[in-house]
Amino acid sequence: MRVLSGIQPTGRFHWGNYFGAIRQYVQLQYEADEAFYFIANLHALTTLRDAAQLRQYTLDAAMDLLALGIDPDRATLFVQSDVPQVCELCWLLMTGTPMGLLERCHAYKDKKAKGLLADAGLFTYPVLQAADILAYDADTVPVGEDQVQHIEVCRDLAASFNHEFGPVFVLPQAKVMREAAKVPGIDGEKMSKSYNNTIDIFDPPEVVRKKVMRIKTDSRPVDQPKDPETDHLFQLYSLFAPEEAREAMATRYRRGGLGYAEVKTALADLSVDFFAEARERRRQLESQPERVREILGDGGAKARKKAAEVLERARDACGIRY
Ligand code: ADP
Ligand code: TRP
């Protein structure tokens, strides 16, 4: 298994990012033959237009991932733009990409539906993402549910290139964790930076507690039995709670007599403990920026080597190498 995933450095990572994506990155680095994880700064440029901020967020993202358990001895951690081969590969793929395929992709479609102007970067975003994946012969791509469409586009583009020019690319598959495919935010909608409803992994404990207390709940009386499966507070609780505690809590939901405040306190306690070690590691890494840059530098060199091989294969197949 060759695993690859990318994450945009557009702000602090939240619980949705962790349970939907980052937790899988960490697990898979132990199971995969090779794992590549990168910080998608080229993709971030489609929304983040502040140079100082992008620079800072890129290093922050690296520190976050390392603190959360990405091990540079097991996984190649790098920055997307340190592998320029991907941009050439993106062009090779773009020449065979039907406009209609990209018009159906949600990032572009949503922006257009809101009457906003989209640029060519946003429109071709999924092609760059396809190049990201194909450049490393990745077969498994751990992501949250919202990215599945992009992985499908990648498969389509790879298959049609292979069909035209011969077997150059490995067709990848998305790997979605079913129980965390769509982590809800404090308003009950999908947790996302763009909805301002996140609880961030490295929020200080007191901020986490405050946000947890603000999680939206309904106004049914305490006595009334409730179905845990349809309650987003319970869904969040389940992400952190060990199996037994989860079962016990579910039983109390069904029985009635359980107040939401109690669930919130339990969730806040569990989540603060859950990320305590990572928070400590994050603090240590902040004082070692040179070490972080070194890890990214080594990762970039390794990633370039692999991408250069795959790019050569593609150039050769389509007649660019003469
Ligand atoms: P955001 O929506 O906050 O901008 P990104 O789009 O940068 O987050 O997502 C980064 C990764 O985290 C992707 O793999 C995405 O699928 C996953 N992810 C983001 N939000 C959630 C969520 N609420 N539930 C599950 N996975 C998520
Ligand atoms: N589009 C992804 C996101 O917003 C980030 C990304 C870029 C990515 N390239 C990738 C994810 C390649 C997986 C594989 O989350």
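**Exercise 1: The largest pocket**

The largest pocket has a lining of 47 residues, and those nearest its centre are Gln8, Asp146, Gln147, Lys190 and Ser194. The model is predicted, so that local features need pLDDT of at least 70 and side-chain atom pairs count only at pLDDT 80 or more, whereas totals for chains, interfaces and linings use all residues. Residues are numbered from 1 along each chain as its sequence is written, chains are lettered from A and ligands numbered from 1 in the order in which they are written, and side-chain values use heavy atoms, leaving out hydrogens and water.

Task: state the volume of the largest pocket and identify which helix gives the most to its lining.

Solution. 
1. A pocket is an open set of points on a 1 Å grid over the protein atoms alone, where a 1.4 Å probe fits, with protein on both sides within 12 Å along at least five of seven lines; lining residues have an atom within 4 Å of a point.
2. The volume, the space filled by probe spheres set on the points, is about 1400 Å³ for the largest pocket.
3. Helix 1 gives the most to this lining, with five residues.

**Exercise 2: The surroundings of ligand 1**

Task: determine where ligand 1 sits and which atoms lie 2.7 Å or 2.8 Å from its oxygen atoms.

Solution. 
1. Ligand 1 sits in the largest pocket, meaning that more than half of its atoms lie within 2 Å of the pocket's grid points.
2. Around ligand 1 there are 18 residues, and His14, Gly144, Asp146, Val183 and Lys193 come nearest; a residue counts here if one of its heavy atoms lies within 4 Å.
3. A side-chain N or O atom of His14 is 2.7 Å from an oxygen atom of ligand 1.
4. For Ser192, a polar side-chain atom lies 2.8 Å from a ligand 1 oxygen.
5. Lys193 instead places a backbone N or O atom 2.8 Å from an oxygen atom of ligand 1.
6. Of the 540 Å² of accessible area that ligand 1 has on its own, the protein covers 92% (Shrake-Rupley method, 1.4 Å probe).

**Exercise 3: The second largest pocket**

Task: give the volume of the second largest pocket and name the element with the largest share of its lining.

Solution. 
1. The volume of the second largest pocket is about 340 Å³.
2. Its lining has 16 residues, with Glu179, Ala180, Gln235, Ser238 and Leu239 nearest the centre.
3. Helix 11 supplies the largest share of this lining, four residues.

Technical notes:
Polar contact = N/O pair within 3.5 Å; in protein donor to acceptor, adjacent residues only side chain to side chain. Helix = DSSP H or I, 4+ residues; strand = E, 2+ residues; numbered from the N terminus.
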